[in-house]
Amino acid sequence: MIALLQRVAHASVVVSGETVGAINAGLMVLLCAERGDTEKEADALLGKLLSYRVFSDDAGKMNRSVTDTAGGVLLVPQFTLAADTRSGTRPSFTPAAAPDVARALFDYFVAQARAKHADIATGQFGADMQVSLTNDGPVTFWLQVKPTV
């Protein structure tokens with residue numbers, strides 16, 4: 001699974017003119033399931049995401065996680081993160097999980113996140129979403145957990 005996380009001052013997702021998810025300070029996370037991913041990879045990625053230290057401590061060092069700061073987490077499904085862009089000028093989405101598997105893993109990830117963190121908001125799987133955010137820093141990180149064979 002892949003997570004592209006951005007430290008934000010605020011972020012929101014709009015679908016058909018309606019805000020479906022919004023947070024104040026925290027992490028906006030684009031989330032993608034790849035072929036072969038299971039709940040095991042989802043659990044590992046969530047654990048890393050919630051404990052990843054991207055927020056400043058009193059000394060100005062990135063030593064605090066979203067859990068430490070009780071910040072918001074906005075989870076947005078985005079299969080395009082799995083794109084294979086190595087050749088040509090059109091991406092291949094072969095590495096992405098099938099839509100039914102990806103939806104199940106996204107829903108599982110959200111449920112587990114809500115069980116472990118108080119402030120979770122989401123985008124809408126399969127929808128045309130407009131995502132707005134103010135990246136704080138800017139700070140952006142790519143996290144990836146590969147299936148173990």
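In which strand is serine 12 found? In this predicted model, serine 12 belongs to strand S1, which covers residues 2-15. The cut-off for a buried residue is a relative accessible area under 20%. Serine 12 has a relative accessibility of 19% and therefore counts as buried. Leaving aside residues up to four places away in sequence, serine 12 touches Thr19, Gly21, Ala22, Leu74, Gln130, Val131 and Ser132.

Serine 16 lies in the loop between S1 and strand S2 (18-23). Serine 16 is not a glycine, yet its phi is positive, at about 55°. With 74% relative accessibility, serine 16 counts as exposed. Alanine 70 also has a positive phi, near 55°, in a residue other than glycine. Its place is the loop between helix H2 (66-69) and S6. The relative accessible area of alanine 70 is 60%, so this residue is exposed.

For valine 29, the contacts beyond four places in sequence are Ala3, Leu4, Leu5, Leu49, Val73, Leu74, Leu75 and Val76.

How do two helices pack against each other? In general, a packed pair is described by the angle between the two axes and the distance between them. Here, helix H1 (residues 39-51) and helix H3 (residues 99-116) have axes that come within 10 Å and cross at roughly 40°. Angles under 35 degrees count as roughly parallel, and 65 to 115 as roughly perpendicular. H1 and H3 are therefore oblique to each other. The crossing of H1 past H3 is right-handed. On the H1 side, the contact is made by Glu39, Ala42, Asp43, Leu45, Leu46, Leu49 and Leu50, and these meet Leu105, Tyr108, Phe109, Gln112, Ala113 and Lys116 in H3. Sorted by class, the residues in this contact are nine nonpolar, one polar and three charged.

Technical notes. Residues are numbered from 1 along each chain as its sequence is written. This is a predicted model: local features need pLDDT of at least 70, side-chain atom pairs count only at pLDDT 80 or more; totals for chains, interfaces and linings use all residues. Side-chain values use heavy atoms; hydrogens and water are left out. Axes are lines fitted to C-alpha atoms, for helices over the stretch in contact, and angles run from 0 to 180 degrees between N-to-C directions. Helices (H or I, at least four residues) and strands (E, at least two) are DSSP runs, numbered from the N terminus. Angles under 35 degrees count as roughly parallel, over 145 as roughly antiparallel, 65 to 115 as roughly perpendicular and the rest as oblique. A crossing is left-handed if the near helix is turned anticlockwise from the far one by less than a right angle, and right-handed if clockwise. Contact means heavy atoms within 4.5 Å. Ala, Val, Leu, Ile, Met, Phe, Trp, Tyr, Cys and Pro count as nonpolar, Asp, Glu, Lys and Arg as charged, and the others, Gly among them, as polar. Buried means under 20% relative accessible area, exposed over 50%, partly exposed in between (1.4 Å probe, protein chains only).
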